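Let's take a friendly walk through a protein structure. Keep the picture in view as you read, and try to find each feature for yourself.

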Amino acid sequence: MTITQKSVAEGLFTWPADPSSPPRLIGSECADCGLVSFPAAPDCVRCASTESKERLLSDHGTLWTYTTQNFRPPSPPYDGPVAFEPYTVGYIELPGELLVEARLTEPDPDRLRIGQDMRLTLVPYTVLDDGTEVMTFAFAPADFVAVEEETS
Amino acid sequence: MTEAVIIGVGLHPFGRFAGKPALDMGADAVRLAMADAGVNWPQIQGGYIGSYEVANPDAIVGRLGLTGVPLRGVFNGCATAGTAIALAARAIETGEHDLTIAIGLDKHPRGAFAADPSVAGIPSWYGQTGLFLTTHFFGMKINRYMHDHGISHETLARVASKNFRNAAGNEKAWRRTPLSPEEVLASPVLNYPLRQFMYCGPNEGAAAVVMCRADQAHKYTSTPVRVRATALRSRRLGAFEVQSPSFPVGEPVESPTVDAFRAAYELAGIGPEDVDVAQLQDTDAGSEIIHMAESGLCKDGEQERLIAEGATEIGGRLPVNTDGGLLGNGEPIGASGLRQIHEIVLQLRGTAGTRQIPGTPRVGFTHLYGAPGASAVTILST
Ligand SMILES: [Zn+2]
């Protein structure tokens with residue numbers, strides 16, 4: 001049985017997922033001053049230009065900081081599973097681009113450290129009643145992703 | 001330009017008051033402030049009133065008197081009360097009014113704040129996937145700060161323990177059970193490295209501050225407290241702020257708290273070295289530690305030693321959050337900053353009772369910080 005998946009939002013990351021190329025976050029770049037934004041923004045908060053172009057962001061970065069989420073967030077807006085599993089979030093520095101906030105795939109804070117290499121991946125953060133997985137972006141420790149890819 | 005001075009403060013207790021509307025708590029706080037100042041409601045010429053939950057907080061005139069007084073509602077996130085007092089002071093400084101009032105009141109339901117991300121200009125996926133929590137920011141900011149500046153988990157616990165101890169001596173505080181640093185460290189992690197007893201909670205309460213022209217203060221009080229400066233700043237591009245799906249790389253940009261304190265010190269002609277007692281936004285124990293440096297009270301990393309030495313205790317050389325802060329009092333958003341003002345006024349008058357800091361304090365400040373990156377500072381002196 002194939003699992004149906006859908007993206008949590010249009011224009012957030014490359015979708016549908018392409019097995020031959022890793023996912024990328026879709027940002028934007030100011031046509032006038034070059035400021036990189038995520039999510040993609042039509043207006044520039046540095047120079048107030050209204051001209052921008054799409055830019056696929058780096059799928060690698062380093063962990064700048066992190067924390068855990070040990071209680072279920074207020075719902076709405078959160079629409080994750082009722083059976084709550086703690087998760088972690090952090091900011092990943094994409095060199096020369098920006099720092100982006102994201103879920104992390106490693107739930108144990110003791111196995112995370114500031115400065116470690118991280119790689120973009122997509123994860124199902126919830127499953128709908130009909131079995132459809134709702135996908136969002138997350139960052140995984142780079143060494144972990146590499147191991148997973150070798151064995152798959 | 002004339003100067004505004006505080007002649008009366010009033011505080012309704014902070015906590016949970018089932019069946020008591022926020023407007024009634026606000027009216028109680030106003031009556032206490034008016035009694036403290038020795039004025040009646042018809043004498044009040046104008047005011048600013050802040051609330052998050054009450055859509056028309058100026059309906060308070062229905063409890064106090066329909067005198068036709070101009071009352072303006074203000075809301076500015078966690079900086080609401082800082083905005084109310086700044087505008088009430090400004091009305092005196094510019095000569096619009098001789099006698100004004102700042103009022104704050106709120107009544108939040110239990111639990112963490114829930115909101116639609118779109119009201120903060122953020123797309124819905126940010127909330128759906130569990131990123132739209134202010135507590136994440138506080139956990140991530142102190143985690144990075146501890147890494148960069150050598151702050152320990154024990155120091156986080158000492159801050160929380162100190163504020164609960166101070167609240168235990170404050171009959172109007174909410175959380176009045178003292179907790180040892182060990183008990184704080186034994187509470188469950190909510191957002192690593194922050195634990196349950198390192199966070200403040202939304203609750204209920206009200207506060208009010210009556211101000212007049214400095215040259216008329218003698219009519220009301222022998223102990224006026226001068227409003228030396230008020231400053232409000234929002235975030236600049238590149239600063240790491242609450243509810244930011246991303247922010248630019250490059251040289252770190254200072255927070256609005258640093259910017260607001262710089263402006264306030266300059267306006268007041270007062271430096272951090274002159275400050276005798278401080279009220280810092282302690283949404284969590286980490287925030288108090290970071291704000292100590294952002295306010296100029298110490299350098300980054302010095303908090304580890306200062307807090308271990310007891311410098312920020314009531315008897316220390318740099319008392320912080322003598323009334324228990326947000327950790328001990330909780331946060332009714334509209335009232336929180338006026339509760340801070342109330343405490344500094346008592347300290348500068350020398351009437352803070354068992355919480356009174358030693359010596360003759362002359363200068364104190366209050367500070368608020370909140371989403372989406374706004375900071376309000378008030379500097380007071382005798
Ligand atoms: Zn630009």
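## A question to start

In which loop is the place of Ala48(A)? Ala48(A) sits in the loop between β3 and β4 of chain A. This alanine has a positive phi of about 65 degrees, although it is not a glycine. Please keep in mind throughout that you are looking at a predicted model.

## Chain A as a whole

Let's zoom out. Chain A contains 9 strands and 1 helix, and along the sequence they follow the pattern β-β-β-β-β-β-β-β-β-α. The radius of gyration of chain A is 16 Å, close to the 15 Å that the globule rule gives for 152 residues, so chain A is as compact as a globular protein of that length. Its C-alpha trace spans about 45 × 35 × 35 Å along the principal axes.

Strands of a sheet pair through backbone hydrogen bonds, and they can run parallel or antiparallel. In chain A you can find an open sheet of 3 strands, in the order β3-β2-β4, with antiparallel pairing. Its edge strands are β3 (36-37) and β4 (52-56) of chain A, each of which pairs on one side only.

Look next at how β2 (residues 26-30) of chain A meets β4(A): the two strands run antiparallel and are joined by 5 bridges. Within this pairing, Glu29(A) stands opposite Lys53(A) in β4(A).

## Where the two chains meet

How many residues does each chain bring to the contact? Chain B brings 35 residues and chain A brings 42 residues. About 3200 Å² is buried between chain B and chain A, and carbon and sulfur atoms give 66% of that area. Three residues, Trp125(B), Gln128(B) and Met140(B), supply 20% of the area that chain B buries against chain A, more than any other three residues.

Between the chains there are 0 salt bridges, while 21 residue pairs are in polar contact, both residues being at pLDDT 80 or more. On the side of chain B that touches chain A, at least two residues come from each of α4 (124-128), α5 (134-149), β5 (189-191) and β9 (246-248) of chain B. The largest share, 7 residues, comes from α5(B). By class, this side of chain B has 21 nonpolar, 12 polar and 2 charged residues.

Strands also pair across the two chains. β7 (residues 98-104) of chain A and β9(B) run antiparallel and are joined by 3 bridges. Here Val100(A) stands opposite Ser246(B) in β9(B).

## A salt bridge in chain B

A search of the whole structure finds 25 salt bridges over all chains. One of them is formed by Arg226(B) and Glu3(B), whose closest N and O atoms are 2.7 Å apart. This pair links distant parts of the chain: Arg226(B) is in strand β8 (residues 225-234) of chain B, Glu3(B) is in the segment before β1 (4-15) of chain B, and 223 residues separate them.

## Two cis peptide bonds

Finally, have a look at the backbone around two prolines. The peptide bond from Pro76(A) to Pro77(A) is cis, with omega near 15 degrees. You will find Pro77(A) in the loop between β5 (60-69) and β6 (87-94) of chain A.

In chain B, a cis peptide bond joins Ala371(B) and Pro372(B), with omega about -5 degrees. Pro372(B) lies in the loop between β11 (363-370) and β12 (374-381) of chain B.

Note on methods
Residues are numbered from 1 along each chain as its sequence is written. Chains are lettered from A and ligands numbered from 1 in the order in which they are written. This is a predicted model: local features need pLDDT of at least 70, side-chain atom pairs count only at pLDDT 80 or more; totals for chains, interfaces and linings use all residues. Side-chain values use heavy atoms; hydrogens and water are left out. Contact means heavy atoms within 4.5 Å. Buried area is the accessible area (1.4 Å probe) that two parts lose on being put together, summed over both. A salt bridge is a side-chain nitrogen of Lys or Arg within 4 Å of a carboxyl oxygen of Asp or Glu. A polar contact is a pair of N or O atoms within 3.5 Å; within protein, one must be able to donate a hydrogen and the other to accept it, and residues adjacent in sequence count only if both atoms are side-chain atoms. Helices (H or I, at least four residues) and strands (E, at least two) are DSSP runs, numbered from the N terminus. Ala, Val, Leu, Ile, Met, Phe, Trp, Tyr, Cys and Pro count as nonpolar, Asp, Glu, Lys and Arg as charged, and the others, Gly among them, as polar. Two strands pair if DSSP finds at least two bridges between them. The radius of gyration is taken over C-alpha atoms; the globule rule is 2.2 Å times the number of residues to the power 0.38.
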